[in-house]
Amino acid sequence: MTACIFDLDGVIVDTARYHFLAWQKLAKELGVELTRHHNERLKGVGRMESLNIILELGGLQRSDGEKESLATRKNAWFVEFIEAMKKEEIFGGATALFSELKANGVKVALASSSKNAQTVLKKLEIGSYFEAIVDGTMIERSKPDPEIFLKAATMLHASPKECIVVEDAEAGVEAAICAGMKCVGIGKKEQLNKANLVVDQIGQLNYQILNNL
Ligand code: B16
Ligand code: MG
């Protein structure tokens, strides 16, 4: 392992919950019931892809203009949540893990599909932990496409097989595998069964566990 690439939402902080609450509010207005089970499909995929899934669940169709304004409304609610976020919301053990990896010569990167990733990093004051940051504004295809992880590896001058990805989304695990990288899933085994290892939270990981994968 020469590099470790971390997803943001749902791995470092529980912004995945804020995405869910904001999408659920929008879905309700559209008359669509968005359950936690459905929400698994929304994790890791881009904003417009998420909206398309909700419309599909409700058997609804909207014009491109209407979709833009629906996605903008959802984002405004999400931004309200993240503006109120506190540093204490960073998952326990996350920053200690970044420091431990660095101390062992492992490069640390962030790869988030979110266009709000920089705002979250600033709010939590953790941007300086990452040698490379790829966010939703820098990619053309969102997870499960491997583009985001390959871009991070290129920025770190690391080859994919030397990289380990840490992800909470099914689409993210898929993307890591497509990129030719090893992957640790954060969440449920049933959901993330393609990952090389699944743990409940980032705090359970350390350099040794990742290096032995
Ligand atoms: P935004 P990640 C992803 O972030 C989220 O998992 C996903 O639910 C969200 O739709 C996507 O970012 C886009 O976010 O609307 O803020 O651009 O998990 O890749 O860090
Ligand atoms: Mg995520």
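**Stop 1: Asp7**

Select Asp7 and Lys143. Their side chains make a polar contact at 3.0 Å. A polar contact is a pair of N or O atoms within 3.5 Å; within protein, one must be able to donate a hydrogen and the other to accept it, and residues adjacent in sequence count only if both atoms are side-chain atoms.

Before you go on: this is a predicted model, where local features need pLDDT of at least 70 and side-chain atom pairs count only at pLDDT 80 or more, while totals for chains, interfaces and linings use all residues. Residues are numbered from 1 along each chain as its sequence is written, chains are lettered from A and ligands numbered from 1 in the order in which they are written, and side-chain values use heavy atoms, with hydrogens and water left out.

Stay on Asp7. Look for the loop between strand S1 and helix H1. Helices (H or I, at least four residues) and strands (E, at least two) are DSSP runs, numbered from the N terminus.

Is Asp7 buried or exposed? Asp7 has a relative accessible area of 4%, so it is buried. Buried means under 20% relative accessible area, exposed over 50%, and partly exposed in between (1.4 Å probe, protein chains only).

Now show what surrounds Asp7. Leaving out residues up to four places away in sequence, Asp7 touches Ile12, Leu110, Ala111, Ser112, Lys143, Val166, Glu167 and Asp168. Contact here means heavy atoms within 4.5 Å.

**Stop 2: the magnesium ion**

Select ligand 2, a magnesium ion.

Along the chain, the donors follow the spacing D-x1-D-x158-D. Asp7 and Asp168 link distant parts of the chain, 161 residues apart. Find Asp168 in the loop between strand S4 (163-167) and helix H8 (170-178). Asp168 is buried, as is Asp7.

**Stop 3**

Go back to Lys143. Lys143 sits in the loop between strand S3 (132-134) and helix H7 (147-156). Its relative accessible area is 1%, so Lys143 is buried. Now find the backbone oxygen of Ala111. That oxygen lies 3.3 Å from a polar atom of the Lys143 side chain. Apart from residues up to four places away in sequence, Lys143 touches residues including Gly44, Val45, Phe149 and Glu167.

Step along to Pro144. A cis peptide bond joins Lys143 to Pro144, with omega about 15°. Pro144, too, is in the loop between S3 and H7.

**Stop 3: helix H8**

Select H8. Its buried residues are Ala171, Gly172, Val173, Ala175 and Ala176. What covers them includes H7, S4 and strand S5 (182-186). Just after H8, look at Gly180, which takes a positive phi of about 80°.

**Stop 4: helices H3 and H4**

Select residues 47-57 for H3 and 64-83 for H4. The two helices pack at an angle of about 105°, with axes 10 Å apart. Axes are lines fitted to C-alpha atoms, for helices over the stretch in contact, and angles run from 0 to 180 degrees between N-to-C directions. H3 and H4 are therefore roughly perpendicular, a term for angles of 65 to 115 degrees.

Which residues meet? From H3 come Arg47, Met48, Leu51, Asn52 and Leu55; from H4 come Lys67, Glu68, Leu70, Ala71 and Asn75. This contact divides into five nonpolar, two polar and three charged residues. Ala, Val, Leu, Ile, Met, Phe, Trp, Tyr, Cys and Pro count as nonpolar, Asp, Glu, Lys and Arg as charged, and the others, Gly among them, as polar.

Now colour the buried residues of H3: Ser50, Leu51, Ile53, Ile54 and Leu55. Their cover includes H1 and H4. Just after H3, Gly59 takes a positive phi of about 60°.

**Stop 6**

Glu125 is not a glycine, yet has a positive phi of about 55°. Find it in the loop between helix H6 (117-124) and S3. Glu125 is exposed, at 54% relative accessibility.

His157 has a positive phi near 55°. Its place is the loop between H7 and S4. With a relative accessible area of 72%, His157 is exposed.

How values were computed. Angles under 35 degrees count as roughly parallel, over 145 as roughly antiparallel, 65 to 115 as roughly perpendicular and the rest as oblique. Donors are N, O and S atoms within 2.8 Å of the metal (3.2 Å for Na, K and Ca); water is not among the atoms, so sites may look incomplete.
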